[in-house]
Amino acid sequence: MTNLIPRKLSLVLLLLVAFCSGCQANNDQGGASTSIPLKKLNTLAEKGDSLTWNDFAAYPYEDEGSGLYIRKYNIEGGHQLMISGKSLDKKPDHIYVVNKDGEKIDLLKENIKKMNLK
């Protein structure tokens with residue numbers, strides 16, 4: 001009976017660690033905004049194909065990838081930004097802005113002003 005308590009405790013701790021590792025914050029920036037302001041997004045979009053993962057480091061994201069890095073960011077006004085690539089050490093392959101209606105453009109190839117985000 002006394003041997004059963006350490007086993008149960010070990011199992012509970014293992015499950016707790018597994019649960020917490022799956023729920024950890026992807027980007028722990030103290031005081032960071034919960035969404036990217038449109039003004040900041042327009043400024044970043046001017047960089048075009050020189051955008052990197054680090055340009056978005058100040059904002060929280062959801063990790064959507066499996067095999068690829070895919071990060072989803074919220075943009076002011078209910079829009080989303082999706083960044084994908086094979087490596088965080090290289091430039092992203094795609095950076096899409098998806099408006100509330102589902103229309104998307106690739107910031108690396110197109111001008112964000114086409115979307116007229118509000």
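**Close-up views of the predicted model**

Figure 1. K86 is exposed, with a relative accessible area of 63%. The structure is a predicted model, and a search of the whole of it finds four salt bridges. In one of these, K86 is paired with D93, and the closest N and O atoms of the two residues are 3.5 Å apart. D93 has a relative accessibility of 33% and therefore counts as partly exposed. Side chains of opposite charge can pair when their charged atoms come close.

Figure 2. Beyond its neighbours within four places in sequence, D55 is in contact with L44, K47 and S50. The side chains of D55 and K47 are joined by a polar contact of 2.7 Å. The pair also qualifies as a salt bridge, with 2.7 Å between the closest N and O atoms. K47, at 36% relative accessibility, counts as partly exposed, whereas D55 counts as buried.

**Figure 3. The salt-bridge network of E62, E64 and K72.** Salt bridges link E62, E64 and K72 in a network. K72 belongs to strand β2 and E62 to strand β1, so the pair ties together parts that are 10 residues apart in sequence. K72 counts as buried, at 18% relative accessibility, while E62 counts as partly exposed, at 42%.

**Figure 4. The open sheet of five strands.** The strands of this open sheet follow the order β1-β2-β3-β4-β5, with antiparallel pairing. Its edges are formed by β1 and β5 (104-106), each of which pairs on one side only. Between β4 and β5, which run antiparallel, there are three bridges. In this part of the sheet, V98 stands opposite K104 of β5. In a regular strand the side chains alternate between the two faces of the sheet.

**Figure 5. The hairpin of β2 and β3.** Strands β2 and β3 run antiparallel and are joined by seven bridges. I70 stands opposite S84 of β3. The hairpin has three residues between its strands, and G77 adopts a positive phi near 95°.

**Figure 6. Strand β3 and its pairing with β4.** Five of the seven residues of β3 are buried, so this strand is largely enclosed by the rest of the structure. Strand β3 is joined to β4 by five bridges, and the two run antiparallel. In β4, Y96 is the bridge partner of M82.

**Figure 7. The largest nonpolar core.** This core comprises 20 residues, and those with the most contacts inside it are L41, F56, Y73, L81, I95, V97 and L107. At least two of its residues come from each of α2 (38-45), β2 (69-75), β3 (79-85) and β4 (94-98). Helix α2 makes the greatest contribution, giving four residues to the core.

**Figure 8. The surroundings of Y73.** Y73 is one of the residues with the most contacts inside the largest nonpolar core. When its neighbours within four places in sequence are left aside, Y73 is in contact with I36, F56, Y59, P60, Y61, H79, Q80, L81 and I83. Two of these partners, F56 and L81, are likewise listed with Y73 for their contacts inside the core.

**Figure 9. Confidence and the stretch of residues 20-31.** The mean pLDDT of the protein is 78, and 67% of its residues reach 70 or more. Over residues 20-31, the pLDDT is below 50, and this stretch has 11 contacts in the model beyond near neighbours in sequence. Where pLDDT is low, the predicted coordinates should not be read in detail.

Methods: Residues numbered from 1 in each chain as written. Predicted model: local features only at pLDDT ≥ 70, side-chain atom pairs only at ≥ 80, totals over all residues. Heavy atoms only, no water. Core = buried A, V, L, I, M, F, W, Y, C linked by side-chain atoms within 4.5 Å. Buried < 20%, exposed > 50% of the residue type's maximum accessible area, 1.4 Å probe, protein only. Contact = heavy atoms within 4.5 Å. Pairing = 2+ DSSP bridges. Polar contact = N/O pair within 3.5 Å; in protein donor to acceptor, adjacent residues only side chain to side chain. Salt bridge = Lys/Arg side-chain N within 4 Å of Asp/Glu carboxyl O. pLDDT = per-residue confidence, 0-100.
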